[in-house]
Structure formats: C-alpha cells, structure tokens
Amino acid sequence: MLTKPGTEERAVEQLLWLRGREHRLHTAVVLLEARSGRMEEAVVTSPLRMRDLPEERLRRYVAIEKPLHSAGSYLSERLGIVLF
C-alpha cells in the first residue's frame with residue numbers, strides 16, 4: 001500500500017517504483033444523512049498502469065505538481081494524467 005509521501009524525494013521514490021507497473025487505485029465515498037443516520041457508501045477500484053518514464057521526467061513532475069499529500073505521489077485529476 002502506498003501512502004502520502006510527505007517529501008519530494010519520497011514522492012520520486014514512489015513514482016520510480018510504480019513506473020511501468022500496474023496498480024489499483026481505490027476511491028471511496030460515504031454519505032451520511034444527519035437526521036436519520038442513514039449511510040450510503042461506495043468503493044470503486046480502478047486498475048492503472050503507469051508509463052515507464054525516465055527518472056528526470058518523474059522528478060520534473062514532482063517539482064511542478066508537488067503531490068506530497070496524495071497517496072501514490074500523483075494527482076490523476078491534474079498533470080498526473082500524463083503519467084498513465
């Protein structure tokens with residue numbers, strides 16, 4: 001399981017480990033209706049394969065995007081989409 005990297009160097013390490021590999025991204029949401037206490041939840045799992053990019057390109061991505069608070073060190077809704 002990949003966590004939030006916290007530092008740029010750790011982010012690069014995670015991306016180097018992921019490059020050329022497939023992994024699964026789990027996205028979850030929970031909705032709670034406060035009055036009734038009714039709760040709905042869903043988890044969607046998406047298989048992703050990262051492109052086998054050179055280290056310098058991954059370092060440049062981390063320097064620009066700063067994905068330090070994102071598990072796996074990428075932001076798929078922003079520039080991170082080019083990694084896949």
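## Briefing: an α-β-β-α chain

Ser70 sits in the segment after helix 2. Its relative accessibility is 14%, under the 20% cut-off, so Ser70 counts as buried. The model is a predicted one. The protein chain holds two helices and two strands, and from the N terminus on they run α-β-β-α. With a radius of gyration of 15 Å, well over the 12 Å that the globule rule gives for 84 residues, the protein chain is more spread out than a compact globule.

**Overall form**

- Along the principal axes, the C-alpha atoms of the protein chain fill a box of roughly 55 × 25 × 20 Å.
- Of the 84 residues in the protein chain, 26% are buried.
- Take the contacts in the protein chain with a separation of 6 or more: residues 24 or more positions apart account for 60% of them.

**Surface and charge**

- The protein chain exposes about 6100 Å². Carbon and sulfur atoms supply 54% of that area.
- There are 14 positive and 12 negative charges in the protein chain.

**Helix 1**

- Helix 1 covers residues 8–18. Its buried residues are Ala11, Val12, Gln14, Leu15 and Leu18.
- Seen down the axis of helix 1, these buried residues fall within an arc of 160°, so they line one face of the helix.
- Gly20 follows helix 1. The phi of Gly20 is positive, near 75°.

- Neighbours within four places in sequence are left aside here. Ser70 is then in contact with Thr3, Lys4, Pro5 and Leu75.

**The segment after helix 2: Val82**

- Val82 is also found in the segment after helix 2.
- Val82 has a relative accessible area of 41%. That value lies between the 20% and 50% cut-offs, so Val82 is partly exposed.
- Not counting residues up to four places away in sequence, Val82 touches Arg51 and Leu53.
- Val82 and Ala42 are 40 residues apart in sequence. In space they are 27 Å apart, C-alpha to C-alpha.

How values were computed: Residues numbered from 1 in each chain as written. Predicted model: local features only at pLDDT ≥ 70, side-chain atom pairs only at ≥ 80, totals over all residues. Heavy atoms only, no water. Buried < 20%, exposed > 50% of the residue type's maximum accessible area, 1.4 Å probe, protein only. Helix = DSSP H or I, 4+ residues; strand = E, 2+ residues; numbered from the N terminus. Arc of directions from axis to C-beta. Rg over C-alpha atoms; globule rule 2.2 N^0.38 Å. Contact = heavy atoms within 4.5 Å. Areas by Shrake-Rupley, 256 points an atom, 1.4 Å probe, with all protein chains shown as cover. Lys, Arg positive; Asp, Glu negative; His and termini not counted. Charge placed at Lys NZ, Arg CZ, Asp CG, Glu CD.
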